[in-house]
Structure formats: structure tokens, C-alpha cells
Amino acid sequence: MSGSLQTLSDFLQCLIVGLRLGSVYALVALGYTMVYGIIRLINFAHGDFIMVGGYTLFFTIPAMLAVNDKLPIWLAVIVAIAVCALVGVTVELVAYRPVRKKGTNMTALITAIAMSLFLENLAQAIPAIGPNYKIMRRMFSNKAVLNFLNISLDWTTLLTILIGASVMIGLQLFVKKTKLGRAMRAVSEDKQASVLVGINVNRTIIITFAIGSGLAAVAALMYFAQYSTIMTTSGTMLGLKAFVAAVLGGIGIIPGAMLGGLVIGLVESFTTGYISSSLADAFVFLILIIVLIIKPAGILGKNVGEKV
Amino acid sequence: MMNKNTKLKGYLVNTVALAVLLMAFLILNANFKTPFYSVVFIPSLWQISYLIILAASLNLVLGFLGQLSLGHCGFMAIGAYTAALLSLYFERAGIFTDKKAPVFIVSILVSLLAGGLLAAIVGIIVGIPALRLKGDYLAIITLGFGMIICNVINNLPFAGMEGLSKGSAAASLYKTGLGFGNTLKTKYAWVAIVITILCLAAMFMFIRSRFGRAIESIRDDEIAASASGINVSLYKVGTFVYSAFFAGIAGGLFACCNSSLSTASFAFTNGSILNSTFIVVMVVVGGMGSLTGSMLSAVLMFLLNYVIKNVIKASGMPLFVQNLFKYPMLVYAIVLIIVIMFKPKGILGTREFSLVNTIEYIKGKLGKKAVKEGGSK
Amino acid sequence: MKKTIAMLLAASMVCPLAACGGAKKAPEGGEIKIGTISPNTGAMAVYGEAMVNAYDMAAAEINADGGINGKKVVLVKKDDQMDPTESLNAFNALVAEGVDVVLGAVSSGCTAAITDAANEEEVLLLTPTSTADSITTKDDYVFRTCYADSFQGKIAAKYAKDLGCKEVGVLYCAADTYSKGLYDSFANACKDYGINVVAAESAATMETIEFSNQWAAIKAKGVGFVFAPFYYYTVGPYVVPQARTAGYTGIIMGADGYDSANNYISQGSDLSAWNNVMFTNHYDPADKNPVVKKFVTNYKTKYNDTPNALAALAYDGLYMIKKAMEKAGAEDAKSVRDALADTSTVYKGVTGTFTLDKSGTPVKGATVVEYYYDKANNKVATKLRDVVKKLD
């Protein structure tokens with residue numbers, strides 16, 4: 001239906017839109033891949049952690065400004081990180097761990113689905129939240145940083161990319177260099193063996209959950225700074241996209257999650273712009289499928305033959 | 001020889017039991033005419049029948065083949081739209097004019113079969129590339145295909161309002177040629193039951209066959225299976241296609257009990273329990289690798305959803321409970337988590353409920369005394 | 001053991017199911033049971049909330065005023081989470097409870113799922129908000145309070161014609177019944193008026209948040225009028241601002257989904273984007289008509305919120321039932337149906353004064369409301385642009 005975009009400025013437009021979406025996906029996928037890489041659980045509730053983070057920001061920002069209106073708004077993210085980490089750890093302790101002990105991977109997946117349903121409906125049952133959309137107040141200046149051919153790169157997008165990149169580098173260093181990070185990698189490779197070498201598996205998983213959920217709060221900050229409507233189901237699609245991004249980049253590979261997120265954002269934007277806007281979803285997934293068929297372990301994943 | 005006898009006996013006992021049940025139902029259907037029966041019981045029966053087929057067919061892929069598919073409802077959508085459009089075509093072409101005429105039954109069966117076949121064909125197209133991948137990668141690909149199918153159906157120029165002629169499917173297929181009301185649902189309740197039984201029988205025969213044993217060995221160890229001469233990709237795609245066929249049939253039944261269709265009903269998640277996520281939930285709750293488990297859990301999940309939403313009146317209970325029941329899906333989620341915690345392997349695990357074994361079990365209990373007296377058998 | 005538990009579980013679920021059955025009987029002891037179906041929880045709960053509020057308010061008013069035919073109105077509310085299958089289940093459950101009159105469902109997709117059942121069970125179905133054309137097509141048990149999509153789409157097309165546009169664009173959602181239905185009726189009306197739809201862009205879902213590329217493509221076609229049927233929660237923060245950012249400066253026309261979109265504008269966005277935005281609506285909350293004024297004030301006091309169009313339609317829906325029941329002097333479905341089928345009855349409601357046509361759709365005008373940037377108060381305000389009574 002589309003295909004009417006020809007000029008350079010249209011191309012740039014698609015690029016910017018793709019970066020805007022992709023940078024958010026990437027940030028979400030980074031938090032997602034932390035948990036995902038270690039316990040191999042498609043954590044359907046991760047999107048809902050973002051929702052929790054969003055509502056925490058929504059309520060803390062006015063409270064914070066009431067105390068002192070000189071404080072920078074983004075400071076509220078600290079509260080959000082704490083709340084999200086708490087929710088994440090609680091979910092792990094109350095639901096995931098008991099199930100992981102007794103059941104299989106699939107049982108854990110079902111628990112995640114149930115948890116997601118639970119969080120969404122619980123949020124709606126809280127009178128202060130309710131079913132209505134809320135509009136988040138502006139968190140960053142909406143000035144353009146770069147202007148070229150009437151197409152502008154906004155400050156929030158740039159910031160999201162920068163935060164995404166620093167989170168990526170930070171996580172990478174953490175996982176590769178610190179003792180805890182090495183423990184995480186060990187747990188993800190072989191739980192039994194890591195117990196043998198003296199790693200406290202449960203503690204490691206809890207810390208992973210805390211970090212992953214805390215990152216959900218950071219993602220919430222940048223997502224709602226960019227797209228200001230918040231709803232109890234705001235995180236569902238986002239969580240799904242993050243899952244797709246994490247797998248596309250290669251499961252458990254931190255730079256892969258970032259790359260996967262950006263690729264999905266760009267593909268989404270360029271398909272709506274250049275191929276078809278009504279069939280955009282189909283094309284996005286088609287491209288995804290083609291990529292996965294060519295590279296079955298994700299873009300950055302290595303194809304490891306199965307040991308016999 | 002002994003084994004074969006037990007098997008034969010099993011088939012006989014099951015057939016007799018089913019025949020008795022069906023007869024009982026037909027008698028009930030002819031005589032029992034309260035509003036509750038036709039307005040609540042029968043529509044529930046229809047919904048349960050397509051949920052059972054759907055859950056059992058996904059179990060073939062998820063439980064027996066061991067591959068996670070997150071787009072099963074996509075095949076159901078294909079079946080539903082095919083059956084609806086085809087029956088609408090029959091109606092327009094004058095093949096049946098009265099929905100009570102015998103020729104209508106033939107149209108229903110043809111439509112359902114066509115729905116199943118088209119779903120199976122799409123299953124081949126999806127399965128060949130998708131099943132080269134494993135685990136979470138496969139999950140994503142099937143998820144993607146599920147979404148593509150719905151997206152494409154929405155954009156079909158011939159599946160719209162008036163069916164086959166005007167508009168695209170997104171604007172809802174308002175009148176399907178099938179689309180039974182409560183009277184027709186009651187009249188044709190036996191169709192739903194017979195089709196469910198036939199589908200389940202076909203699936204049972206599948207897993208009891210050489211084919212079934214082969215795919216279970218693939219699930220348990222793919223490399224060992226391939227080393228013992230099993231063509232892994234062929235068996236994988238075959239199972240996927242077989243499962244898609246039944247999902248298509250389930251879609252046809254869905255088209256029968258709804259006078260309107262929209263792709264939102266077959267999405268990845270939505271407000272009801274009919275979506276690709278919840279079908280997975282049904283299979284796991286029932287027990288991966290147990291067809292009877294899938295049947296049981298489809299029934300339980302339907303009842304749970306229905307009872308929370310439409311039956312329970314919390315007015316007499318404390319305010320806390322009342323508020324909880326204002327959010328049916330919240331209650332649903334809590335019940336689901338509790339069930340999973342106490343039954344992490346599913347209600348039946350990998351065991352099958354079997355009439356013969358139950359009879360033997362009861363016999364054994366009753367006959368204990370006799371055994372004591374008369375010595376060993 | 002495990003089987004016993006499973007059996008018990010199953011039994012405990014079936015028992016209440018069986019208990020809810022019972023013969024259909026007329027309300028007795030001075031009560032009239034009226035069923036409502038709306039999405040009270042789930043992703044679309046916001047619609048249900050407004051409508052349930054309005055139903056409650058109308059029922060309380062009616063009961064305080066002596067009820068209907070001296071009987072008290074009791075609402076039986078069902079939640080369908082905006083899923084057609086659940087709507088049908090809810091409807092059947094209401095029928096089993098012996099309800100004769102049902103208000104609902106909210107979306108056209110859900111209502112379409114229950115219209116056949118309403119006719120078959122001979123239960124009166126009045127949908128306050130389902131605008132799809134095919135909801136009421138014949139003389140039967142189905143009625144509605146709102147006008148149909150073809151009317152809204154036609155008004156939009158007529159505006160384009162009156163403004164002298166020869167080429168127009170559309171931005172819609174191909175996967176959504178509401179948006180696609182409006183697009184179809186708009187496109188058909190355009191054909192009749194000799195207007196070309198040169199750009200038709202679509203979004204993946206109604207919850208899409210990024211429309212920049214679609215707007216860029218529309219702008220590239222050089223049209224001055226775009227019909228964009230979306231809901232307020234994307235219109236406010238995304239559809240309109242992104243259009244202007246992408247450089248589209250022409251008219252954006254919407255339908256009743258634009259109602260209250262100006263409460264959802266992101267902070268700090270350019271408010272002048274809202275000039276040249278208009279939409280068809282069911283009523284105007286700022287209307288000076290005493291009926292409207294009373295409704296808006298009462299709703300505001302009770303729920304601390306300005307009632308949206310859905311609330312107004314729901315409120316009118318219950319009053320329509322009241323009027324029909326009083327006219328019939330009875331409360332059973334058949335009598336109410338016959339009373340509503342009388343096309344001469346005039347209903348005076350918040351959403352206008354109207355009669356019903358043969359199919360059961362109101363013959364009433366649509367208000368065309370325009371958004372504009374109110375510089376003095378630095379906010380986006382609405383003004384009544386037109387009331388379209390009839391179209392040729």
C-alpha cells in the first residue's frame with residue numbers, strides 16, 4: 001500500500017523512527033536477556049515489570065517534586081529500580097523457584113504466563129491505577145539535538161541509545177570480569193556443576209533477577225519518556241518484542257540483545273515506510289524468520305553442535 | 001499374544017463405553033429441554049469440544065514431539081475462516097438452504113475437512129523451515145507465523161463482512177454460513193461430540209503407532225533417534241502437520257458456534273482463554289504427553305474461566321473476596337499458579353487415563369479377597 | 001488420590017454451574033432485571049468503566065424517581081473483556097438467569113457475536129455503542145442508541161467534499177473492526193462524491209504508538225484532508241502530534257473515538273498541532289441543553305470526571321428502555337421490542353432527540369466537534385462546529 005517514500009529525507013525519517021523504537025527495544029531486551037540467559041525462562045512477566053516501573057515513576061515523580069522541585073526528574077528512577085527489583089525478586093521467590101524445583105522448563109513458562117496475568121490484573125485492581133490510560137509527565141527536554149533536511153534526532157532517542165550502550169558495556173564487564181558475573185555464567189551453563197564448585201545457585205539467580213528487573217525500571221524510564229501513555233497492559237507487547245530481540249541477537253549474549261533490539265526497531269520502521277504499512281507485522285516476522293533460518297543461533301550466536 | 005488381547009479388549013471397552021455415553025447423551029438431548037440446558041450447557045459443550053481438540057493436537061507437538069509452538073491458534077484461524085467462507089459459499093450457491101436439512105450436515109463436514117486440510121497445508125509450509133530450529137528459536141518462529149497468519153487474514157480482500165465478496169476480514173465476518181444459534185447447537189450437538197471423538201481417536205492411534213513411538217524417541221534423544229534410523233525432520237514435520245490439521249478442524253468447530261469471526265480471537269493473547277498462550281497452558285496443566293490430561297485440563301480450564309466470570313456471585317462474601325472476583329483473570333491467575341505449584345508435572349503427568357486399567361484396578365481391589373482364597377491367577 | 005482431587009475439583013466447578021440454571025421467569029416482587037455486558041476488566045476496561053458508571057447513575061436516578069412501572073431496576077452486570085466468545089457466554093448466562101433486556105455489548109465485534117442469539121432467544125438487545133452497519137439490519141430484537149458507521153464515514157467524506165478536496169488520505173488500522181469499518185464507509189462515500197483516496201496507510205494495531213512513517217507517506221502524496229479513525233489514547237499523544245512533526249499540516253478528521261483525546265496530550269508537546277483537527281461525536285459535554293447539563297454535572301459530582309460519549313450513550317440506553325417499558329406497560333422482551341419498534345416514539349436524551357428507524361438505529365444528528373489551540377489558556381479546547389442532521 002505504501003512504497004511512496006523515495007527521497008533522502010524520507011529515508012532519514014525511517015532511520016530515526018527505527019532508532020527511536022529500536023533503542024527502547026534494545027534497552028528492554030538487555031534486562032530481559034540477563035534473566036533469560038541464565039535460567040532459560042521466557043519471562044512473560046518482564047514486560048509487566050516495566051509496567052510496574054512505569055507506574056512507580058508516575059507516582060514518585062509528583063511526590064518527589066512536592067518535596068523539592070529542584071530535583072531532576074530522572075532521580076525518581078532510583079525508587080523505580082528498587083521497586084522493580086523487589087517485585088522481580090518476590091516473583092522469583094514466591095512463584096518461579098518452587099516451580100523450578102519440582103517441574104520442568106515448561107512449567108516455569110506457564111508460571112511466567114500466570115504471573116504476567118496476575119500482575120496486570122492486580123495493577124488494574126488498585127484504585128489509584130485503574131483501567132484508564134495515564135499520561136506520564138515529560139521527563140527530558142524535547143529539543144532536537146541534530147537537524148538535517150527537516151528531520152531531527154530528538155534528545156530522548158539519543159539518550160536511550162547512550163544509556164543502552166553503557167548498560168550493555170557495564171553488563172558485559174560485570175558478567176565477564178567480576179566473581180558474581182562468572183558465577184552467573186557458570187549457572188547458565190550447568191547448574192549442578194556450579195553447585196559442585198561452590199556457587200550458591202539460588203543466590204546467584206536472585207541477584208540476576210534483581211539486576212534484570214532493575215534494568216526494567218531503567219527501560220521504563222526511557223520508554224515512557226518517549227511514549228508517554230501508560231496502561232496496565234503497556235508492557236505486554238514490549239516484553240514480547242524484547243524476547244524476540246533477545247533471541248534474534250543470540251540467547252544470553254548481551255551485545256546481541258542490544259543489536260537485536262535495534263534491528264527489530266529498524267526493520268519495523270523500514271517495512272512500514274517502504275513495503276507495506278498494513279502488512280508490516282507480517283513482514284517484520286518474515287524477516288525475523290529468514291534471519292533465524294540463516295543463522296539458527298541468532299545474529300551473534302555461535303552454532304554449537306550437540307554433544308553426544 | 002497377551003498384549004494384543006489387552007489392546008483389542010481396550011478398543012472394545014472404550015468403544016462400548018463411548019457408544020453408551022453417546023446414546024445416553026442423545027436420549028438426554030431429545031428429552032431434556034430446560035432453558036439452562038440449551039442456553040448454558042450446550043454452548044459450553046461446543047466450546048469444550050474445540051478446546052479439547054486444540055489442546056490435544058498441540059500436545060502432539062509439545063508433549064510427544066517436545067517442541068514448543070506458540071502459534072497454534074494461527075492454524076485454528078485458518079480452519080475457522082476456511083470453514084466459514086466455504087459454508088457461506090455453499091449457502092450462496094444454493095447447496096443448502098435450510099440449516100436443518102440433511103445436506104447441511106454434509107456441508108458442515110466438507111467445510112470442517114477443508115479447514116483442516118488447508119491448515120495442514122499451511123502446516124507444511126510453516127513446518128519445513130521452522131522445525132530446523134529448536135527450543136526458544138522455534139518458539140519465536142511459530143509465534144511469528146501465528147502473527148503472520150492473522151495479519152494476512154486481516155488483509156485478505158475476500159473474507160469480509162458479506163463473506164467471499166466484500167471487504168477484508170478485519171471488519172469481522174459478520175455472518176458465517178455455519179454460525180449456529182442455540183437451537184442448532186442443540187440439534188447438532190452430536191456433530192461436535194462425534195467429531196471430537198473421531199479426532200481424539202485419530203490422535204490416540206497416532207501416538208500408539210510406530211510413528212508415535214518414533215516421535216517420542218525424538219523427544220527423548222534426537223541424536224540417538226536419528227542414529228537408530230529415524231528420519232528426524234520427516235517425523236517432526238509430519239507431526240506438526242498432523243497437529244495443524246486437527247487445529248484446523250477445531251477452528252471449523254469454532255466457526256460453527258460463532259456467528260461472527262475476527263482474528264482477535266486467535267491472537268497470541270486476548271481477553272479470553274482461547275489464544276495461543278492459553279492452549280500451551282492447557283497442555284502443560286493437563287500433563288505434557290498425556291492426551292487424556294489435555295482433555296481433562298481443557299474442560300477444567302473452560303469451567304474455571306466460565307464459573308469465575310458468569311456463575312460465582314460473591315455478594316455474600318467479605319468485601320475483599322468481592323473485590324477479587326471483580327477481576328476474574330486475577331482469580332484465574334492465582335488458581336493457575338496454585339495448580340502449577342502442587343502439580344508441576346501437570347494433572348496427569350505423562351500417564352493416560354484408561355478405562356481398561358481403571359476397570360482392572362477396581363477389579364483388583366474387589367478381587368483381592370478372591371485372590372487370597374484362590375491363589376494366583 | 002490425584003484422580004480423586006481432579007474429580008472433586010471438576011465436581012466443585014460443575015455444581016455451581018448446574019445451580020445457576022432455572023426456568024426463565026418474569027421479574028417478580030417489584031424488580032426488573034436488566035443485564036449489561038461490557039469489558040469491565042482487561043485491556044479495554046476503560047470503556048466498561050465509563051459505561052458501568054453511567055448505567056449505575058441512570059439506574060439510581062430511575063429508582064429514586066419511582067422506578068419503571070413502579071418496579072425497581074436491578075442491573076446484572078457481566079464482564080466480557082471485549083472478547084466475542086466471552087460476550088456470547090455472558091449473554092447466554094444472562095438469558096439463563098431470566099433476564100429479558102440486555103444492554104451491550106460495547107464493541108461491534110462483540111455485539112455481532114450476540115445479535116443472532118438475541119433474536120433466537122427472543123431477548124431484547126440494545127447496544128449503546130456498537131456502530132458497525134451490520135448490527136441492526138432488519139426488524140428484530142436488536143436496537144441501538146448510537147448512529148451507524150456509514151453515517152460517520154459519510155459525514156467525513158462530505159466535509160472533504162465541502163472543503164473542495166479532490167484527493168484525500170486515510171490512516172487506519174486494518175486489523176480493527178471499528179477502524180476498518182469506518183475506513184470502508186468513508187472510502188465508499190468518497191467514491192460517491194467523486195473523491196479519490198490516494199493514500200491509504202495502516203497501523204498494525206489500535207495500540208500502535210509510532211505513526212511517523214505513515215504520515216510521511218501521506219504527506220508525500222500532497223493531500224490536504226486525512227481521515228484517521230483511531231481511539232483517543234493514541235490520537236492524543238501520538239497520531240496528531242506525529243502528523244505535524246512529519247510535516248502534514250492539513251485537516252485531520254476523526255470519528256467518535258477522538259472524544260476526550262485532548263486529555264491525553266503529552267506534556268510539553270506543541271499544542272498548535274491541534275488546529276485543523278475535527279471529529280464526529282455523539283454529544284458535546286459543553287452543550288447548554290438542560291438534559292446534557294444535568295447529566296454532566298451529576299456525573300462529575302459522582303465520579304469526578306467528565307463523562308465521555310460512551311457514558312452518555314449508556315445513560316441514554318437505559319432511559320430508552322425505561323421509556324419503552326413505560327409505553328408498553330410491561331417489562332417482557334416482546335412488549336419492549338414492540339414499543340421500541342414503533343418508529344414514531346421520540347426519545348429525548350443526552351445524545352440528542354431522536355426516533356428509531358425500521359432497523360432499530362436512531363435517526364439523529366452527529367455533532368461535529370473541532371479541536372483548537374486556546375492560546376489564552378494554553379490548552380487544547382473543543383468547539384462545536386456543526387450538527388449534521390441528515391445527509392443527501
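Predicted model: local features only at pLDDT ≥ 70, side-chain atom pairs only at ≥ 80, totals over all residues.
How many of the 21 residues of α3(B) are buried?

1. Helix α3 of chain B. Of the 21 residues of α3(B), 18 are buried, so the rest of the structure largely encloses this helix. Its length can also be checked: α3(B) covers residues 72–92, and at 1.5 Å a residue it should span 30 Å. The C-alpha atoms at its ends are 31 Å apart, which agrees with that expectation. After α3(B) comes B:G94, a residue with a positive phi, near 80°.

2. The contact between chains A and B. Here 34 residues of chain B are in contact with 35 residues of chain A. On the chain B side, α5 (135–155), α11 (276–286) and α14 (328–342) each supply at least two residues. The largest contribution to this side comes from α5(B), with 11 residues. By type, the residues of chain B that touch chain A divide into 25 nonpolar, 6 polar and 3 charged.

3. The largest nonpolar core. This core has 373 residues, and A:L30 and A:L221 are those with the most contacts inside it. Helix α1 (residues 8–39) of chain A provides the largest share of the core, 18 residues. Chain C takes part as well: domain 1 (25–147 + 290–360) and domain 2 (150–281 + 367–388) of that chain each give the core at least three residues. As a general background, nonpolar side chains in soluble globular proteins tend to be buried together.

4. The surroundings of A:L221. If neighbours within four places in sequence are left aside, A:L221 is in contact with A:L57, A:W74, A:V77, A:A80 and A:M139.

5. A strand pair in chain C. Strand β1 (residues 31–38) of chain C is mostly covered, since 6 of its 8 residues are buried. β1(C) pairs with strand β2 (residues 72–79) of chain C in the parallel sense, over 8 bridges. Within this chain, C:I34 stands opposite C:L75 in β2(C).

Definitions and conventions
Residues numbered from 1 in each chain as written. Chains lettered and ligands numbered in written order. Contact = placed C-beta atoms within 7 Å. Helix = DSSP H or I, 4+ residues; strand = E, 2+ residues; numbered from the N terminus. Nonpolar A, V, L, I, M, F, W, Y, C, P; charged D, E, K, R; others polar. Expected span 1.5 Å × (residues − 1). Buried ≥ 20, exposed ≤ 12 C-beta atoms within 10 Å, placed from the backbone. Core = buried A, V, L, I, M, F, W, Y, C linked by C-beta atoms within 7 Å. Domains from an automatic or database assignment. Pairing = 2+ DSSP bridges.
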